[in-house]
Each structure stands twice: as C-alpha cells, then as structure tokens.
Amino acid sequence: MAGQTRMLFRHVDEPGLASIDTYRRLGGYRALEKALRDIDPDELLSSLEDSGLRGRGGAGFSMGKKASFLPRGDMEKFLCCNADESEPGAFKDRELMSKNPHQLIEGIVIAAVAAGIGQAFVFIRGEYWEVADILDRAVEEAYAAGYVGENILDTGHRVELVVHRGAGAYICGEETALLDALEGKRGNPRLKPPFPAIQGLYGGPTLINNVETLSNVPHIVKNGSDWFKGFGTEQSPGTKVVSVSGCVQRPGNYEIELGIPSREIIYGLAGGPPEGHEVKAWFPGGSSAPVLTADELDLPYSFESMADAGSMLGSGSIIVADENVSIPHLALRTARFYHHESCGKCTPCREGTNWTVKMLERVISGEATPMDLDVISSVQDNIIGNCLCVLGDSMAMPVGSMVAKFRHEFEAAIEAGRDAAPRPLDESPTDVKPVPVGAAG
Ligand SMILES: Cc1cc2nc3c(=O)[nH]c(=O)nc-3n(C[C@H](O)[C@H](O)[C@H](O)COP(=O)(O)O)c2cc1C
Ligand code: SF4
C-alpha cells in the first residue's frame, strides 16, 4: 500500500493471521520469548520507556513511563487493555484485534512481565461481539501454547488473561469508569488522584493501555527502542493507525509514519472528497478534537503539531467534512452524542451538554439570536477543565472551535431558520446544504 508504513499492519492481509500457527510462522511470539529469556524485567521497562511510545488511546502519555509508575513488590497488580473504542470516527482497534489478535496478546503479556503484573484483562466494547469471539479463540490458543497462564514458557512468569465484554456505554472507555465497569459496578469515572497506577482495579496498582499502544510492544522488544525511534518524529515516534471517515473517497484504516503531512493521509491515502468537492473542515482526533480547516491540511500529522494547531491527535481518527456539510448541524450532532453519553456525575458536563444541545437546536430552528452564539461559546469555556473526566471537554472543545472558526455559518443558520419553514432537527448534516452568509432575510 503506497504511502503507508506498515508495522502493526505488516501482515494484515495474510490469510489466517488470526490463528496462532500463522502468527508464529510470520515471527510471532519471538519478542515474548526474547523478553522472558534474554531480558531482565527492569531492562524491558527501560527499553519501553526509551522507545518514546506514546499512548494511542487519546492522551498520548508515555507508555513506558506509565508502566514505571506501578509500585514494585509482590502485591497483586493488574493490566487493563482498553478496547472500548466507542468514539465517533474511531475503528482502528477493531481491525487490529480482529485481524491480528495475537500481536495484541503478545504485547499484553510482555507489558505485564515488564511491570510485574499477574492478571490482565481486555475490556472490549460490547457491540464488538464478533471481535470478542476472535479474541477469545486467540487467548485459548495462547494458553494452550504456554504463552499465557502459569509458568509461561517454563520461565516462572505468570500472566492470566481474560476478555471482558462491556455493555455499550461510551463512558466505559474512560479509564476509571472502565475499572468500575470491570468490577461489576455502573461505569462512572472516579476522582483522580489516586491514579490507576497506584490504586486501580480492586484497589490494586493497574496499568491501563489502549489496544494499539500494546500492539506496538512486541515490535519494540523484537527490534529495539532505537529502531522504533527511527520512525516518526522525535516527540511522536513510531507509526499510527489512522481511521479516516466522512467525506473521502476511500474511508478506512491506514498505518502511517507519524509526522507526514496530513494532506497525504486525507488526499493521498483516503482519496480526498468526491470529485468536484473540497475539504472544508476536518477533525484530526475524532469527534472530540477541535476542528481544523482546509488551510491546515499541510500540517504534519503528529501529537505535537496537532497540539500546536490548537487541536489534538487523540486516538488518530480523522473525520473529513466537505463544503456540503453544515457545521451547525455537525455541532448539534456532536453535542447530542456527548449529552447522551454523559454519565451525569458532575454538573458542568451534565448541565453543559444539555444546555449546548438546547441552544444549538435554537440556532437551527431560528429561535436564537447571534448573541446566543456568545453564550454557547461561554458555556463551552466553562466546561473545559472543570469536569470530573474529559467527556465534558470532549464536547466543549469541538463545539467551541466550530462556533469560533465557522461563526458565519451559525449566523447564517439563525437567519435562515428564522425565515424558512421549520427544518427537521434530525436532518443529516451531510444532507444539508450550508446557507451562504447573508442569503436569508
Ligand atoms: C469519555 C472517554 C472515552 C474514552 N474511550 C477510550 C477508548 O475507547 N479506548 C481507549 O484506549 N481510550 C479511551 N479513553 C482514554 C482512556 O481514558 C485512557 O487515557 C487510555 O485508555 C490510556 O491508554 P493509552 O495510554 O495507551 O492511550 C477515553 C477517555 C474518555 C474521557
Ligand atoms: S465529565 Fe461527564 S461523563 Fe465525565 S464524570 Fe462528569 S458527568 Fe460524567
């Protein structure tokens, strides 16, 4: 696949890759053997830290550093692989797990050995039941081959692994809500600190990492941290599996070297918008990322470059909107999603998402005034940084940025809504033509 740099997806098209025999034939589980037989766990941990691997689930925190926060000693420690993947626009973990489940299992066991963890879980989104079946089969094979369980490969290391299916709530992807859900409670975020590395699952030290983060681990161990740092940028080493969706001709997952121009992903790999259309807006890190414009398409796709542009790389889901997409409708759809998924535990998110939905509905139905746009912006500003978890911010950042960068569309929507016959609020954003500024009234 021209334009891609395939590390995690290297053998993705190999028939039967999900089986242990094929995975082993292609070199699988050699990194685990090396980790167990030739490398001391402390050294293993240092090499993960030295690789600079950053979390691929959203926050981009150093994987090795997080693992090093777990206390040493004989207490029961846990690893939770976050496979909840419920953010609109994200679908990379699904492919990583369904096509190459052993790569993930190998990564989980190595990471567990490095951090002295004996019990691991994969918390998988409930709707991914087919993927969970594939994982269950792979875990069974790995147990039978002695790569998981008591006394792995006769080295005395123990790592048990259980696949746990979620019940379909986006909030359970937030790491502390995930812990509550795994403990059998309602999945509500916990107050931090204490952080999970100190007090997580069942009160024990817990390492929580995303599917893609852990799938990188065997490659780092097999080839070394310097090799890994040879890909990507200094602050964003490695590759990234990017899910591209929206107004593009070839939506899908692409593995790219971090730091390549974003245009190469959107136009080169995903084919850009359909013939005759242009990118108007794009979200570089899923529905929770602040919006970027067509002028920002040449920015390098890396954690630091997206942050410098006022947005974020997040989980690496690029959503593209062309000129036919109504930004006010997109903002409403985004706000409705987060309002629906808010757990209601803290006021700024519970009330703020509700208010935002109501006000955006007023914008579209023509009941608002341009001053209400300032109120919407101020509500977003008051949500950001004031919530118990970042779900509230996940709505406020994109909605606030859409109002700031596309205010003329909101003003035009107010004008048009005031004069026109009521338009269904549920109308799909892609079906709705934007109203040119000044066209109404
Ligand atoms: C509302 C919400 C949903 C989240 N959903 C996911 C998810 O589905 N998968 C994931 O890996 N991280 C998700 N995260 C981020 C996790 O809290 C956590 O940062 C991540 O699993 C850590 O793994 P990493 O360091 O490997 O990225 C979510 C965060 C929030 C606030
Ligand atoms: S920010 Fe929202 S989802 Fe997170 S704890 Fe508060 S109410 Fe719940």
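Q: Which strand gives the largest share of the shell around ligand 1?

A: A residue belongs to such a shell if its C-beta atom, placed from the backbone, lies within 6 Å of the molecule. Strands (E, at least two residues) and helices (H or I, at least four) are DSSP runs numbered from the N terminus. Here strand S4 (residues 206–210) contributes three residues, the largest share. The structure is a predicted model, in which local features need pLDDT of at least 70 and side-chain atom pairs count only at pLDDT 80 or more, while totals for chains, interfaces and linings use all residues. Residues are numbered from 1 along each chain as its sequence is written, and chains are lettered from A and ligands numbered from 1 in the order in which they are written.

Q: How many residues surround ligand 1, and of which class are they?

A: Ala, Val, Leu, Ile, Met, Phe, Trp, Tyr, Cys and Pro count as nonpolar, Asp, Glu, Lys and Arg as charged, and the others, Gly among them, as polar. Ligand 1 is surrounded by 23 residues, the closest being Gly55, Gly57, Gly173, Asn210 and Thr213. The shell has eight nonpolar, nine polar and six charged residues.

Q: How many residues of domain 1 are in contact with domain 3?

A: Two residues are in contact if their C-beta atoms, placed from the backbone, lie within 7 Å. Eight residues of domain 1 contact seven residues of domain 3. On the domain 1 side, six are nonpolar, one is polar and one is charged.

Q: Which residues are closest to ligand 2?

A: The closest are Cys343, Cys346, Cys349, Cys387 and Cys389, within a shell of 14 residues. Helix H14 (347–365) and helix H16 (391–405) are the elements that give two or more residues to this shell.

Q: Which residues of helix H11 are buried?

A: A residue is buried if 20 or more other C-beta atoms lie within 10 Å of its own, exposed if 12 or fewer, and partly exposed in between. In helix H11 (residues 262–269), the buried residues are Ser262, Ile265, Ile266 and Leu269. They cover an arc of only 120° around the axis and therefore lie on the same side of H11; the arc is that of the directions from the helix axis to the C-beta atoms. Their packing partners are strands S5 (239–246), S6 (252–257), S7 (279–283) and S9 (317–322).
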